[in-house]
Amino acid sequence: NLLLIVSFSAMISYALKPKLFFSKIVRRTTSGFSNFTTKAQSMDKGFIEVREYTLKPEGFASYVNITKDFIDVRKEYLPFLGMFTCEVGDSLHRVVHFYNYKDFNERTERRGKIVSDPKWKEFLNLTRPHTARQRNWILLEVPEVYEALDLPSSAAAFAPPTDGAKKPFWELRRYTVDYSNAPGINGQLPSHFLKSYSQALQSRKSNEPSGSLVLIGETAVGEGRELWELWRYPDGQTCFRSQQACRSTGGLTAPTDEGVKVSFLNSSLLNPTSFSVWK
């Protein structure tokens, strides 16, 4: 009888172990998905799309004028922030425009609606002959830097100051960033680098208080990683004076921290168009 009781207990224990083991897997798996969802939702803060169109020199003026004539349809459908022409840079006959989307679904929906509007179709037919090349980037704003500098959390919240500037200048700065060799990093900019970077930006703001830092973003799609800065100055001379001051203090160079290699890529001086939201 004792042997039967022991054998029966062993059979029950053996039968229950798979269930116990499976229940542990389920708990761990569902917990993992829950954490993943929470993190994904907390990181979903929208993005900035930057579009750059290189125009044919002979069609540059026509493109800008046609865009102005059809600006209402663009503003009706798209979260348009601004469009700029290039004053100084690697390509003078180009326009750069910015859009702020809360997520990619919104982008798909908005762009799907605008292509069905007859006015937009007419705009495309009129401007296509003047366009030589189109490029775009998706930028994720860097919240740690915004917080450190006490800036609005989204570029869409930036309101150009009413300083009476007749011809404000905007500077777009781009850096390549390689942090593949940074220890313990999993696809995110290292916190120690962001701290140094924020301090360098604060130093530059101190050199020229009238300059406004509008956007700090990291490219999310494409080869390599880049950091983009967008600054606004009341005029060209103020922008030039800021660069001179930063050059003397080393503020023009993004910091290179342990395991992070930063290289200056290029800089452009931009003029807002008359129909730009950002002025």
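Visitor: Which residues of helix α5 are buried?
Guide: In this predicted model, the buried residues of α5, which spans residues 118-127, are Trp120, Phe123 and Thr127. Buried means under 20% relative accessible area, exposed over 50%, and partly exposed in between, with a 1.4 Å probe and protein chains only. Helices (H or I, at least four residues) and strands (E, at least two) are DSSP runs, numbered from the N terminus.

Visitor: What covers the buried side?
Guide: The cover over the buried residues of α5 includes α2 (60-69), α3 (71-77), α4 (104-114) and β4 (131-141). Contact here means heavy atoms within 4.5 Å.

Visitor: What caps the N-terminal end of α5?
Guide: Asp117 does, with a side-chain oxygen 2.8 Å from the backbone nitrogen of Lys119. A polar contact is a pair of N or O atoms within 3.5 Å; within protein, one must be able to donate a hydrogen and the other to accept it, and residues adjacent in sequence count only if both atoms are side-chain atoms.

Visitor: What thresholds and numbering apply?
Guide: Local features need pLDDT of at least 70, side-chain atom pairs count only at pLDDT 80 or more, and totals for chains, interfaces and linings use all residues. Residues are numbered from 1 along each chain as its sequence is written, and side-chain values use heavy atoms, with hydrogens and water left out.

Visitor: Switching to sheets: is strand β5 enclosed or open?
Guide: Eight of the ten residues of β5 (169-178) are buried, so this strand is largely enclosed by the rest of the structure.

Visitor: Which strand does β5 join over nine bridges, and in what sense?
Guide: Strand β7 (225-233), running antiparallel to β5. Two strands pair if DSSP finds at least two bridges between them. Arg174 has Trp228 as its bridge partner in β7. β5 also pairs with β8 (261-272), again antiparallel, over nine bridges. There, Arg173 stands opposite Ser267, and Trp170 is partnered with Leu270.

Visitor: What else pairs with β8?
Guide: Strand β2 (80-88) does, in the antiparallel sense over four bridges. Thr85 has Asn271 as its bridge partner in β8.

Visitor: What about Ser212, buried or exposed?
Guide: Ser212 has 18% relative accessibility, so it counts as buried. This serine belongs to strand β6 (212-219). Leaving aside neighbours within four places in sequence, Ser212 touches Phe158, Pro161, Leu230, Trp231 and Arg232.
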